[in-house]
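Hi,

Here is the structure I promised to pass on.

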Amino acid sequence: MASSSVVSPERRIELNPFDVDAWNLLLRENHARAIEQARPFYEKLVTQFPNAGRYWKAYIEHELRSKNFENVETLFSRCLVHVLNIDLWKCYVFYVRETKGHLPSFREKMAKAYDFALDKVGLDLHAHSMYTDYISFLKGVPAVGQYAENQRITAVRKVYQRAIVTPMTNIDKIWDEYQAYEKSVNPTLAEKLIIERNKDFQISRRIARQLEQITRGINRQAVSVPSRGTVAEMKQVELWKKFIQWEKSNPMDTEEYGAFARRVIYAFEQALLCLGYYPEIWYEAALFMQKAAQELEIKGDVKQAGAMREEAIQLFERSIGGLMKESQLLYFAYADFQEERKLFDEVKSIYEKIFAIDHVDPTLAYIQLMKFIRRTEGVKASRTIFKKAREDDRSKFQVYVAHALQEYYCSKDKDVAMRIFDLGLKKYGEEPEYCVAYVNFLTHLNEDNNTRVVFERILTGGALAHDRSGEIWDKYLEFESLVGDLASTLKVDARRRDAALAMNKEVAESCTTLMLIDRYRFLNLVPCSAEQLRLMGYNKPLRVSHSGLSGLAGGTVPGSAMGTNGSIAGPSGVLPHRAGITVPAGPSSVMGGGTNIEISGYPRPDTTQMVPFKPKRVAIGAPHTVPGGVFPAPPAAAHLLTLLPPPTSFEGPFVIVDALLAQIAKFDVNEPGWEPVRLGSESNGTLGGGHTVEDIQKAKYKLVATTTDPKTALAAGDLKRKRGAESEDEDDKSDISMTRDVFKRRMNQKQMD
């Protein structure tokens with residue numbers, strides 16, 4: 001029964017296609033199967049995670065075990081160039097070495113494979129094994145004749161020198177091998193070459209150590225999945241961005257801008273392997289490539305600048321053709337990049353790719369395309385895009401608003417804009433946002449009659465539901481208060497009240513004062529203070545003002561007093577929403593805090609001094625223990641507890657504090673036989689009464705070691721002062737009696753007796 005309740009990996013993948021753990025379970029199962037049976041699974045795996053190098057590597061290695069070399073080369077062509085995973089590239093080099101050895105041109109192909117791999121992933125922190133393998137391969141190439149020998153030495157030296165200027169692990173080992181190699185070739189020339197390259201090596205070793213520290217904590221084996229907002233994911237994003245910014249700071253002080261740009265781009269590529277569903281990483285990478293191309297062009301390297309632009313295009317294509325195929329942000333950025341290069345046909349094709357995705361809302365894409373056509377071909381040409389958008393059932397009312405405003409501002413023809421708004425009103429009359437956009441447009445035209453007509457059409461046409469007409473009534477009232485007389489304003493206000501009564505009579509009657517506030521408010525100015533609004537339950541959004549509260553009547557309401565983003569949370573309909581009385585964020589003014597109080601005149605406790613409650617199942621030995629949890633110590637006390645030694649370091653003696661305090665409480669200072677010591681001159685080593693300090697200390701240690709009763713100790717101390725100093729034998733006995741070990745004290749006493 002227990003096993004039947006476990007969800008299978010297949011079912012988990014159906015519920016969540018990005019369940020990496022479930023995919024890994026199936027990967028282990030298919031690893032032992034024949035490739036013919038496992039191939040469909042591998043195809044699903046690499047389709048779901050197209051930039052996961054370890055999944056491509058597992059697929060390729062399975063094909064290699066079955067000697068399917070044609071399939072292996074096909075897989076490499078699908079993933080190798082775009083997935084810069086160091087392990088995948090090592091697998092590629094291994095494949096070339098193991099399968100091309102029988103060819104006559106094996107050495108040339110192998111050298112090209114190594115060069116190709118180093119060009120792509122040679123900057124990786126863990127690329128040292130690829131360099132050492134390449135060097136070993138070159139050393140093993142037979143050379144006939146002095147010319148061939150010199151060619152081989154030059155090739156080996158070139159790879160060595162390329163390796164020692166690249167920060168990576170085990171660079172010390174490569175440096176030692178390089179020194180030994182140069183000394184074996186030409187000891188005289190070796191010293192000069194080693195001195196020349198020593199500075200580059202020192203820089204690379206220093207940067208390699210910094211690189212290991214910067215990348216510590218980054219999970220390079222993570223698979224790209226959509227973000228769930230977990231703490232671990234946010235931490236990884238932070239670490240990757242920190243690594244990229246570190247590379248942008250040019251820690252190696254590279255003078256050649258192209259080499260510096262390559263390192264930054266490689267950092268972006270490594271981040272995209274793990275953060276492929278973060279559009280900001282894609283955009284920042286493409287933006288850096290564009291800036292790098294401009295910088296290289298300024299420096300005169302036109303060829304490399306052109307190559308950098310082509311890489312930016314390929315990056316955009318990879319993003320919108322792969323993981324980010326539904327991210328309109330990258331489509332728009334790509335379109336602007338191509339528009340900047342005057343490739344207008346390419347821009348149109350980019351927008352067509354968005355329209356081809358059935359389940360994506362194309363409204364914003366139509367609006368951006370209209371803007372592009374207007375910039376390049378004029379306003380009249382953009383009307384064809386507007387016509388196409390109207391015919392698309394997926395587009396929404398924002399297309400009408402955007403094109404109407406474009407006609408008004410660019411063509412300077414308000415009649416065309418009004419006809420577009422009227423056309424949209426017939427289709428989207430039930431959308432309050434569209435109605436508000438229309439009346440705002442008419443208000444700015446300063447045409448009072450047309451504006452009133454449109455208000456009446458919206459409110460009495462029947463398309464707009466009564467429960468969604470609140471904002472329109474507010475706009476109508478605001479409009480009449482600005483341009484109308486008092487009679488028209490009161491008329492609109494009365495109709496607004498009637499509409500509210502028709503919806504909910506009881507609530508409308510209780511909101512009479514709240515509706516009056518709407519008549520007198522202007523922008524973020526209201527005729528009441530924040531506390532008064534809160535007590536009355538007024539809960540409509542107000543614009544943010546940084547001037548603070550200006551008193552009672554006519555004050556502004558800042559965002560901190562009214563809620564997040566400068567507004568009181570809650571819906572705004574025909575009826576002003578009555579909010580519950582909120583708890584202040586801090587202490588009241590009576591308690592020495594701010595002015596945010598629940599009810600004016602009544603103090604509130606200072607919540608900043610409250611101790612947080614921590615639920616805990618087992619709270620043994622914790623401070624402030626209560627059922628269900630504990631109250632942790634204050635931060636200062638908690639820090640002190642971390643500095644103190646643990647309880648296990650103290651093994652006794654343990655004092656019973658309650659018993660000690662009870663004895664002290666019972667002690668009577670007026671008891672006969674006890675007399676306080678009166679201090680005299682200590683210059684000669686004596687105290688009051690003629691007793692020396694050493695005598696009293698010896699007597700004190702003796703009494704403390706032999707008794708626990710304060711009365712006995714004090715009485716004996718008084719007797720000691722009366723008797724005076726004892727002989728040296730008695731002092732020796734007292735010293736022996738000071739020993740706390742009872743067995744040793746008895747044995748010493750027997751020997752003395």
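Let me start with Ala22, which is buried, with a relative accessible area of 0% (buried means under 20% relative accessible area, exposed over 50%, and partly exposed in between, with a 1.4 Å probe and protein chains only). Before going further: this is a predicted model, where local features need pLDDT of at least 70 and side-chain atom pairs count only at pLDDT 80 or more, while totals for chains, interfaces and linings use all residues. Residues are numbered from 1 along each chain as its sequence is written, and side-chain values use heavy atoms, with hydrogens and water left out.

Back to Ala22: it is found in helix H2 (residues 20-31). Helices here are DSSP runs of H or I with at least four residues, numbered from the N terminus. Ala22 and Arg11 are eleven residues apart along the chain, and their C-alpha atoms are separated by 9.0 Å. Cys91, in helix H6 (residues 86-99), also counts as buried, at 5% relative accessibility.

**The pocket**

The largest pocket holds about 1100 Å³. On terms: everything is done on a 1 Å grid over the protein atoms alone; a cavity is a set of points where a 1.4 Å probe fits but cannot get out, a pocket is an open set with protein on both sides within 12 Å along at least five of seven lines, and lining residues have an atom within 4 Å of a point. Grid points are joined across faces, edges and corners, and a volume is the space filled by probe spheres set on the points.

The largest pocket is lined by 35 residues, and the closest to its centre are Leu123, Gly258, Ala259, Arg262 and Arg263. Which helix gives the largest share of that lining? H13 does, with seven residues. The helices that each supply at least two lining residues are H7 (106-121), H9 (146-164), H11 (187-214), H13 (257-274) and H15 (302-321). By type, the lining splits into 13 nonpolar, nine polar and 13 charged residues (nonpolar: Ala, Val, Leu, Ile, Met, Phe, Trp, Tyr, Cys and Pro; charged: Asp, Glu, Lys and Arg; polar: the others, Gly among them).

**The cavities**

Searching the whole structure turns up two cavities of 30 Å³ or more. The largest cavity has a volume of about 90 Å³, and its lining includes Leu123, Asp124, Phe243, Arg263 and Tyr266. H13 again gives the largest share of a lining here, four residues, and both H12 (231-248) and H13 supply at least two. The lining of the largest cavity comes to six nonpolar, one polar and four charged residues.

The second largest cavity has about 80 Å³ of space. Among the residues lining it are Asn51, Arg54, Asn85, Val223 and Cys274, and H4 (53-65) and H13 each supply at least two. Its lining divides into five nonpolar, four polar and two charged residues. Arg220 is listed in the lining of the largest cavity and also in that of the second largest cavity.

**Helix packing**

The axes of H15 and H16 (residues 328-340) come within 10 Å and cross at roughly 155°. Axes are lines fitted to C-alpha atoms, for helices over the stretch in contact, and angles run from 0 to 180 degrees between N-to-C directions. H15 and H16 are therefore roughly antiparallel to each other (over 145 degrees; under 35 is roughly parallel, 65 to 115 roughly perpendicular, and the rest oblique). Their crossing is left-handed, meaning the near helix is turned anticlockwise from the far one by less than a right angle; clockwise would be right-handed.

H7 and H8 (residues 128-139) pack at an angle of about 160°, with their axes 11 Å apart. That pair is therefore roughly antiparallel too, and H7 passes H8 in a left-handed crossing.

Most residues other than glycine have a negative phi. Lys412 is not a glycine, yet it has a positive phi of about 60°. Lys412 sits in the loop between H20 (398-411) and H21 (414-428) and counts as exposed, at 67% relative accessibility. Leu523 also has a positive phi without being a glycine, at about 50°. Leu523 lies in the loop between H27 (512-520) and H28 (530-536) and counts as partly exposed, at 40% relative accessibility.

Cheers
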